[in-house]
Amino acid sequence: MDNLTNIIINKNAHYEVEEWIKQGEALKYSGGTEQRVVRGSIPSITIQINYNNLSQNDYVNLQNAYETHSATTFICKLIDDPEIDQRFTNLGLNGSVWVFKKFEFEALARSRLFTGFVELTTSLFFNFPQYQLLMNEMPKYAPITTTNTSFIDLEVEPKSIKYAYDTSNLLSSMGQSARYMKDKGNLFRIWTLSYLLEEENFFKLLKFYRQKGGLMGTFGIPLLGTQFLSKVDYYPHNNVDDNYVDDGYVDDDYVDDGHVEGSPLFLARFQNESIQYNKSVNNVYMIDLKIVESRTI
Amino acid sequence: MKTITNNVRSNGSIAIIHLFELEMKNFDGTYKETLQFTDNDIFVNYDNEEYTPIQITFDKCVESVDMSANTIQLTVDNLNTELLATVLESEWRNNSARITRIIYTPKANGDYEFGNGNMMKDGYPQLDVSDVANDSYNIFNGIIDNIDISEKSINVNLGSRFVAWNKPYPSQSYNQRAFTEVIESMTAPIYWGRSVPA
């Protein structure tokens, strides 16, 4: 079982935790006494770990970890607060097992930084052979790549992109904790792109949407949804020299474009009727649309 | 007679878990194995037998004094299909099934009064019932009637042993009218303790 502690805990901003220690009920007797019936030995926790302004590298690492483990259990130790997960105290590292519930991030073109959260739920599929032998967990996520560059050839860039997933994996649970996850093989990436465009680019994008809209039109989209996350350089990412900016100020992570070097284009299509746009008084168009990963050619 | 001792009531807090035993046979009728499950979230060690934790629930268990058969429906998680593989390669119909209820006091762990102590034994998380104050008793003892299987769950219908008394004798056909009455008595259902309907 993989240990994702470093990837998940790395540079997190804050936690939000919902916890169930003793699930059960209290039976009140007419004599005034109370009988408490406890169910479950293991506390259940759902934790939302938030991240602010991650670099592209850190975000991609987190995204890869999610995609590889979207339907499997993994180990994560909450390093800073071991008291939160009592399973680590009582069962050791092999007892601190979790499953992913949600993954949502947003990147702003201005900053090219990623903000969002992942949500984890405690799992009872502990990393001991007696438990692991009960079942095999087999992740199936296999995106389809394409050489269709029609979308990125438009060279129309969004001002922000939201990243999320759609999945219908089956999950069995005991109490509030997850037990098994069955990977049905239908994990899909969803990009929500927001644009602020002048008329010429707006019509270019609208025409492309009408050509490719719906189930039939597919095209290629980069991992991060766009080839370049920013058209406006607030500081010269690509021209960092010692006279202008200290070496220690700008991390190497920022010196790149939105298209991860060497990464392929993934087959995708517009989600049905997902485009919304309006025109502001200064002739600038604001458009939102959703793109969903596709498995069919 | 069932008795609940003060063994587990002194602190006012009890935990209730159930153990399920389902007998599986080979298709030639020889004994194969007994599936042992618990609705606890970790393994349970009771009476030197180990029970596997699985998402398993059962509907209401009703006991009545009349001789009609009592049935319980178990719903077992089938998401990992491990149980399904065992069920499909064994004979389960008319085999024994038993449900045991264990009431115990969760043992304290450090500062936590009703904590999660004693969770590790023999190197992995399990509850050893003999380590905690407990009472156990049999709440159902019957036979497996039939099984429904779906992608997410397996529904097992358990019947009390009296269900066997209401099953018709298998019929045979003869082409001789003279033996009609004999044939009718052979094919008539057998009722135990009740008058035969007209």
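## Chain B

Read along its sequence, chain B follows the pattern β-β-β-β-β-β-α-β-β-β-β-β-α. This comes to two helices and 11 strands, where helices (H or I, at least four residues) and strands (E, at least two) are DSSP runs numbered from the N terminus. Of the 198 residues of chain B, 42% count as buried, with buried meaning under 20% relative accessible area, exposed over 50%, and partly exposed in between (1.4 Å probe, protein chains only). Among contacts in chain B with a separation of 6 or more, 60% are accounted for by residues 24 or more positions apart; a contact here means heavy atoms within 4.5 Å.

## Basis of the values

The model is predicted, and local features need pLDDT of at least 70, side-chain atom pairs count only at pLDDT 80 or more, while totals for chains, interfaces and linings use all residues. Residues are numbered from 1 along each chain as its sequence is written, chains are lettered from A and ligands numbered from 1 in the order in which they are written, and side-chain values use heavy atoms, with hydrogens and water left out.

## The interface between chains B and A

In this model, 34 residues of chain B are in contact with 32 residues of chain A. The two chains bury about 3,000 Å² between them, 55% of it on carbon and sulfur atoms; buried area is the accessible area (1.4 Å probe) that two parts lose on being put together, summed over both. Two salt bridges are counted between chain B and chain A, a salt bridge being a side-chain nitrogen of Lys or Arg within 4 Å of a carboxyl oxygen of Asp or Glu. The side chains of A:K182 and B:E151 meet in a salt bridge, at 3.7 Å from N to O.

There are also six residue pairs in polar contact between chain B and chain A, both residues being at pLDDT 80 or more. A polar contact is a pair of N or O atoms within 3.5 Å; within protein, one must be able to donate a hydrogen and the other to accept it, and residues adjacent in sequence count only if both atoms are side-chain atoms. On the side of chain B that touches chain A, the elements giving two or more residues are β1 (13-25), β4 (49-53) and β9 (124-128) of chain B, and the largest share, four residues, comes from β1(B).

## Strand pairing across the chains

Strand β3 (residues 34-39) of chain A pairs with β1(B) in the parallel sense over three bridges, pairing being assigned if DSSP finds at least two bridges between two strands. In this arrangement A:R36 stands opposite B:S13 in β1(B). Strand β3 of chain A is also the place of A:R39, a residue that is partly exposed, with a relative accessible area of 37%. A:R39 and A:G175 are 136 residues apart in sequence and 8.2 Å apart in space, C-alpha to C-alpha.

## Two further sites in chain A

A:E67 is found in helix α2 (residues 56-68) of chain A and counts as buried, at 7% relative accessibility. Its side chain is joined to that of A:R189 by a polar contact of 2.6 Å. Not counting residues up to four places away in sequence, A:E67 touches A:Y141, A:Y165, A:L187 and A:R189.

A:P264 lies in the loop between β13 (219-221) and β14 (265-270) of chain A, where A:P264 is partly exposed, with a relative accessible area of 36%.
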